[in-house]
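Let's walk through this one together, from the overall layout down to the ligand. Have the 3D view open as you read.

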Amino acid sequence: MNERKKIIFIVNPTSGTTRKKRIVEKIETKTDKGLFDPSIRFTEYAGHATQLAADAVGEGADIVVAVGGDGTINEVARSLVHTDTSLGIIPCGSGNGLARHLHIPLSVNSALHIINTCEIHRLDYGLCDGRPFFCTCGVGFDAFISEKFANHGKRGPISYAEIMLKEGLRYKPELYVIEDEETKLRYKAYVITCANASQYGNNCYIAPHASMKDGLMDVTMISPFGVIGAPGIVIGMFSKTLPRNSKVKTFKTRKILITRDQEGPYHCDGDPYKGGKQIEIEIVPKALNIVVNPEAHSPYRRVKNLLRTVRLKKDFDK
Ligand SMILES: Nc1ncnc2c1ncn2[C@@H]1O[C@H](COP(=O)(O)OP(=O)(O)OP(=O)(O)O)[C@@H](O)[C@H]1O
């Protein structure tokens, strides 16, 4: 008989707005016990998931599942890069950018089905100022807002929208020099985002053509657009057409250096950090095993997910 795979679930009780007790019950009942030997651990403070994931690697875990949002995934995945231990995802954050990019369903039952299917791909991640990111990183307005959000106390999309409206008008775009191996350009930008995955979360696509398999990041630079240009930017983000906007410049590259006039924040997967005048960002190709959705590119994926969720819900309610 094959030995069961060791799988460790790391639950962030503070992520998103959903209650985690029911999620834990689902993990306990729906994980395939024939395939896996599961255990569940809870984070007790910010940053704890990194230590728990490192411990799991040390214990020889085959899969470590981040149960939370992009912040939790980042903390878990940074301990898994360049190892044979794979990252699983049960998305229950506020934005769930990486899970949405990978077409991992937001229903816990369906996400557990993906884990039970256990298809693993080796994908890219990024380094921003030496810090790992898996979805996006960058400077400008989004880094400024993530700093305000981190200090706000309350989470969830309503708090986020509140901060965007209150602080958005105060933000002043900066001048940046952006260099890669071939070009050097000066750009006054509202936002510069380097994307390994396509979206910030909540289906807000900053780089709709980003791929985690191409060894490259998609750099999106948005120049100041004013009140009149704002609806076009927002519509572009939610309709995957942002690169066509005249205020937006995009390119793919492996590594860039961003230089600005003064020190300031940058963000990695939505979490803010203090940065210097220069920030180096690069993609590390094929360095993290991730449990992916084998049906991610099937045209019938949404219908199948819906049917599976209904079926699993019926089983669960029995
Ligand atoms: N037990 C804990 N107590 C307080 N904070 C925690 C705890 N565990 C993790 N955190 C912190 O919670 C933060 C937010 O978690 P996470 O990003 O998963 O949720 P989210 O912000 O709601 O979702 P998303 O990033 O998808 O929008 C993380 O940056 C992490 O450091």
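Domain bounds here come from an automatic or database domain assignment. On that basis the protein chain splits into domain 1 (5-124 + 287-317) and domain 2 (131-285), and their centres, taken over C-alpha atoms, are separated by 26 Å. Keep in mind that this is a predicted model, where local features need pLDDT of at least 70, side-chain atom pairs count only at pLDDT 80 or more, and totals for chains, interfaces and linings use all residues. Residues are numbered from 1 along each chain as its sequence is written.

How do the two domains meet? Count two residues as in contact if their C-beta atoms, placed from the backbone, lie within 7 Å; then 18 residues of domain 1 touch 26 residues of domain 2. On the domain 1 side, α3, α4 (97-101) and β5 (119-128) each supply at least two residues, with α3 giving the largest share, five residues. Those labels are DSSP runs numbered from the N terminus: helices are H or I with at least four residues, strands are E with at least two. Sorted by class, this side of domain 1 has six nonpolar, eight polar and four charged residues. Nonpolar covers Ala, Val, Leu, Ile, Met, Phe, Trp, Tyr, Cys and Pro, charged covers Asp, Glu, Lys and Arg, and the others, Gly among them, are polar.

Stepping back, the protein chain has nine helices and 16 strands. Its C-alpha trace spans about 60 × 40 × 35 Å along the principal axes.

For a helix pair, look at α1 (residues 20-30) and α5 (residues 108-117), whose axes come within 10 Å and cross at roughly 35 degrees. Axes are lines fitted to C-alpha atoms, for helices over the stretch in contact, with angles from 0 to 180 degrees between N-to-C directions. At this contact, Ile23, Lys26, Ile27 and Lys30 in α1 meet Val108, Asn109 and Leu112 in α5; these residues divide into four nonpolar, one polar and two charged.

Now for the ligand. A residue counts as near if its C-beta atom, placed from the backbone, lies within 6 Å. Of the 25 residues around the ligand, Ser15, Ala46, Gly69, Gly71 and Gly93 come nearest. Both domain 1 and domain 2 contribute at least three residues each to this shell, and helix α3 (residues 70-77) supplies the largest share, four residues. By class, the shell has three nonpolar, 17 polar and five charged residues.
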